[in-house]
Amino acid sequence: MQKPSLDIQVKTLPTDPGVYQYYDKDDKLLYVGKAKNLKKRVTSYFTKSHDNYKTKVLVKKINTIKHIVVETETDALLLENNLIKKHQPRFNVMLKDDKTYPWICIKKERFPRVFPTRNLIKDGSEYFGPYTNFKTVNTLLDLIKGLYQLRTCNYDLSQHKIDSGKYKVCLEYHLGNCKGGCEGLQDEKEYHQNIEAIREIVKGNFKDSLNRFRKQMVMHAEKMEFEDAQRIKEKIEVLEKYQAKSTVVNPKISNVDVFSIISDESYGYINFLQLSYGAIIRSHTTEIKKKLEETDKELLELAIIELRQRFGSRSKEIFVPIKVDVGEDLKITIPQLGDKKKIVNLSLRNAKYYRQERFKQIKIIDPDRHVKRLMAQMKKDLRLPEEPRHIECFDNSNIQGTNPVAACVVFKNGKPSKKEYRKFNIKTVEGPNDFASMEEVVYRRYKRLLEEEQPLPQLIIVDGGKGQLSSGLKALDDLNLRGKITIIGIAKRLEEIYYPGDSIPLYLDKKSESLKIIQHLRNEAHRFGITFHRQKRSKAALDTELDSIPGIGEKTVVELLKHFRSVKRISEASKKELEEVVGNSRATKVYNYYLSKKE
């Protein structure tokens, strides 16, 4: 398939948060940006007139749009930062310098310090973040300092230096912000217990700390110290909104390749995320055509080898959702939980979105391929002997047994064929009997098709469960069509799909295209049937005694009812009163009719 035009690439973008990347005709990265809504943001580049010359030049050069979908806008901000730092795109000015987002560091020391930093040093210290702004960092550190007394000096507090009396307590000790570990006034074990509590806070476990903050707020309020209470309240609000971790960056996951796969009958869609020092530096999704019904495992193994070679990856570990065999030199990890699992899920999500976009693009560029794929998927999902190119769906409609009708809608190649829709008045059934009504309309429909030598559908769907299905099947038996046409029933409550002779229903994935088409058929049959039923009820409600008067048409009836408001008043009106409304000739007919009835 040829590469879709820029217009189609924009139209098929998702509306989720993420990062978009613009490439020129030579596949060179021009620009990286973040968006809360990818489609809306990227569309704005091509629909607005830009005053900025640099933006105008950028838009002219764009040839390909790629993107990575993430969970939140914060994740998009962090990922944008990583990609700009790694690839230095020509049109990105901000974030190109070495400045990066802040982290909170718990220093690897005997009495660890806790402080903000922009530099990650591999000395065994712990780093938490990154954070998108310093307000969150400072709020966290204020919280920590308010709860725990920690040292701020950078002295080497080894035991022998403390014992030798090298250090003296500073002002922080006298202010009550430090317990004087430098003079041996604080126990090392107690200090490390505080550090463990701080770890929980920066990981996002605020429960105990927030409870303590709330108690302080109440205490200040009771003492009429409202400014202090408000200050603590603002900190609580910021902390409650804070998201401690990002699926995009985790310093513990270093130099790893992540692969995932989504597939259908004909193609496999493989996403590749490349992580370096805990940050995503590359995302690439590719499409592989199946030749001999290869399994997901086979396609993924092929893609891993090819993509690692193409991008020159030297990572020794890969994360995948299924077990693969790609040589003994690589460590294969199938994460089950935690941040590693989140990274794999992020990769799967991007593969799914890529597949959806390809479907949308194919629908526009190559509709025949789209239909063929759709029909092949339905054949597989519904266990059909052939592709359901022609589907018909039946629905009954009646209210408390009145004006019973039925509808038959026809879909060709997955789309409504409205000129072939048919509606039925129920003729042989007395009272509300959905099963008998279904049997009647199915029988009448296919008896007529057989008599007229019209093509029969590959699939019949009846709206209802086992009862309606049995009725439809009985009609096919009477016509000797059992086994020649597949018939299924769909129950409304849980979207169960029933097959003849099978008491256990089939449940399709709620997001599957096959179920969406079946639901579309069922909803269309219901709409068409209800419309016909309402028309019939309205006509029945409007039918009056006036309609039985010779020479009086519908227009005259409407005029008389508009003026007199009821049939009783018309029957009691004088000839002169009738003449004023409908003229002498028609008034005479109406007057004489009621006069004869009185006699």
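Trainee: Two strands count as paired if DSSP finds at least two bridges between them; how many bridges link strand 16 and strand 17, and in which sense do they pair?

Mentor: This is a predicted model, in which local features need pLDDT of at least 70 and side-chain atom pairs 80 or more, while totals for chains, interfaces and linings use all residues. Residues are numbered from 1 along each chain as its sequence is written, and side-chain values use heavy atoms, without hydrogens or water. Strand 16 (residues 459–463) and strand 17 (residues 486–490) run parallel, with five bridges between them (strands are DSSP E runs of at least two residues, helices H or I runs of at least four, numbered from the N terminus).

Trainee: Which residue of strand 17 is the bridge partner of Asp 463?

Mentor: Asp 463 is bridged to Ile 490. Between strand 16 and strand 17 the chain passes through helix 15 (residues 466–478), in a right-handed β-α-β crossover (clockwise from first strand over helix to second, with the strands pointing away from the viewer).

Trainee: And are the faces of strand 16 covered or open?

Mentor: Both are covered, with Leu 459, Ile 461 and Asp 463 buried on one side and Ile 460 and Val 462 on the other (buried means under 20% relative accessible area, 1.4 Å probe, protein chains only).

Trainee: Switching to helix 14, which residues are buried there?

Mentor: Among them are Met 438, Val 441, Val 442, Tyr 446 and Leu 449. Just after helix 14, Glu 453 has a positive phi of about 55°.

Trainee: What is the average pLDDT?

Mentor: The protein averages 80, and 88% of the residues score at least 70 (pLDDT is the predictor's confidence in each residue, from 0 to 100). Residues 94–98, however, fall below 50. Where pLDDT is low, the predicted coordinates should not be read in detail.

Methods: Buried < 20%, exposed > 50% of the residue type's maximum accessible area, 1.4 Å probe, protein only. Pairing = 2+ DSSP bridges. Contact = heavy atoms within 4.5 Å.
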